[in-house]
Amino acid sequence: PQTDIVFLKVHKSASSTVMNILFRFGETHNLTFAFPLGGGFQLYYPHHFMARFVQGFSPRSPQRFNILCHHMRFLRPEVQKVVPSSAVYFSILRNPVQLMESSFMYYKGASAFSRVRSLEEFLSQPHLYYDPTKGDSNYAKNLMTFDFGFNPNAEVSTERVQLMVKAIESSFDLLLISEYFDESMVLLKEMLCWDLDSVVSFPLNSRDSSTKSSLSDSIVEKIKEWNRLDWEIYIHFNRTFWERIDRDIGREHMEREVRALRERQAELARICLQGTGSVAPKDIKDSSLRPLQHGGARILGYNIKQGLDKETEHMCRRLVTPELQYSSALYKKQFPPNPP
């Protein structure tokens, strides 16, 4: 199994669920994580990543970390200073239409969104509200382009799109697609030589459907136009995603693998969860399993069954622990606080 991994965690793209998979694998195999300095949750995002943002990194010491997966703005030469040269690089993309709708709800307090009542209002005259010089403008336009390290306000040209796509392809071994999450997990498992249980997950950091809004055709077109660079990246890698499945796995084999993954997930849900699945934040009984609530979104969580044996309870708890709590726990394990 591959143990040296770089995951570019793209905002609002099921990346918290992928992060949970990496946290569990790293914990099971006693791997080291490239944590943000002081145990924070982002690597000085939205600045471009620098190796010195990582706790325990020193240019003089050759120590490398196994897994780099916290939010960052990608900058490959700096990333290479932190992980072994054998590391596998992957990321995840999401349809920019749903991505923008999600971003609008989640980052309602961002400067571009705070003065409008709806996404529709923002898109009717985006330049009225969007100021590219503001430090949080990245949440409002071409968010994926930004996370990959490129300029989200650049002119859209065929040449620029080709250069961005080439740069991404030369840095990353695999790009997952969040709309095809299960297929993505099968591809990831194959590439990393992991077993099925390593990529089984429950959706984390997902929103209550009451805060999701349906979008008219005209809004969809406006979102695509406003996020043109993101749209071009997504269209390209959605195509190569399926080409890779056809080339490396085949559709029939993929269907079997996806079925096995879903069956195992359903089995774990029966073992671990109270009720049928995720619940509203107010209904989460164990406060240590309550995810951070942000913006106008209501982030769902889980309740674990009572009376499980110790080993099962530990397994179940890891599956549903929200990102911030899990990250803090692993940080304390890797950098134990000095006794007073």
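Author: By class, 21 nonpolar, 17 polar and nine charged residues make up the lining of the largest pocket in this predicted model. That pocket has a volume of about 980 Å³. Its lining counts 47 residues, and those nearest the centre are K12, S16, L204, N205 and S206. Helices α1, α3, α8 (181-192), α12 and α14 each contribute at least two lining residues, with α3 giving the largest share, four residues.

The second largest pocket has a volume of about 270 Å³. It is lined by 14 residues, and R24, T28, D197, S198 and R318 lie nearest its centre. Two or more lining residues come from each of α1, α9 (196-199) and α13. Seven of the lining residues are nonpolar, three are polar and four are charged.

R318, one of the residues nearest the centre of the second largest pocket, belongs to helix α13 (residues 310-320), where R318 is buried along with T312, C316, L319 and V320. The cover over the buried residues of α13 includes α1 (15-28), α12 (251-272) and α14 (323-334). At the start of α13, the backbone nitrogen of E311 has a side-chain oxygen of D309 within 3.2 Å.

Rolling a probe the size of a water molecule over the atoms shows where empty space is left. The structure has one cavity of 30 Å³ or more, and the volume of the largest cavity is about 60 Å³. Its lining consists of P96, L99, M100, S103, Y139, A140, K141, N142, L143, N227 and D230. Helix α3 (residues 96-106) supplies the largest share of that lining, four residues. Six of the cavity-lining residues are nonpolar, three polar and two charged.

Two of the residues that line the cavity, M100 and A140, are also in contact with F122, as are A112, F113, V116, Y129, Y130 and W226, leaving aside neighbours within four places in sequence. F122 and F90 have the most contacts inside the largest nonpolar core, which has 110 residues. In soluble globular proteins, nonpolar side chains tend to be buried together.

Y130, a contact of F122, also touches S137, as do D131 and P132, when residues up to four places away in sequence are not counted. S137 sits in the loop between α5 (126-129) and α6 (143-147). S137 counts as buried because its relative accessibility is 8%, under the 20% limit. A polar atom of the S137 side chain lies 3.1 Å from the backbone oxygen of K134.

Methods: Residues numbered from 1 in each chain as written. Predicted model: local features only at pLDDT ≥ 70, side-chain atom pairs only at ≥ 80, totals over all residues. Heavy atoms only, no water. Buried < 20%, exposed > 50% of the residue type's maximum accessible area, 1.4 Å probe, protein only. Contact = heavy atoms within 4.5 Å. Polar contact = N/O pair within 3.5 Å; in protein donor to acceptor, adjacent residues only side chain to side chain. 1 Å grid on protein atoms, 1.4 Å probe; cavity = no way out; pocket = protein on both sides within 12 Å on 5 of 7 lines; lining within 4 Å. Points joined across faces, edges and corners; volume = space filled by probe spheres on them. Nonpolar A, V, L, I, M, F, W, Y, C, P; charged D, E, K, R; others polar. Core = buried A, V, L, I, M, F, W, Y, C linked by side-chain atoms within 4.5 Å.
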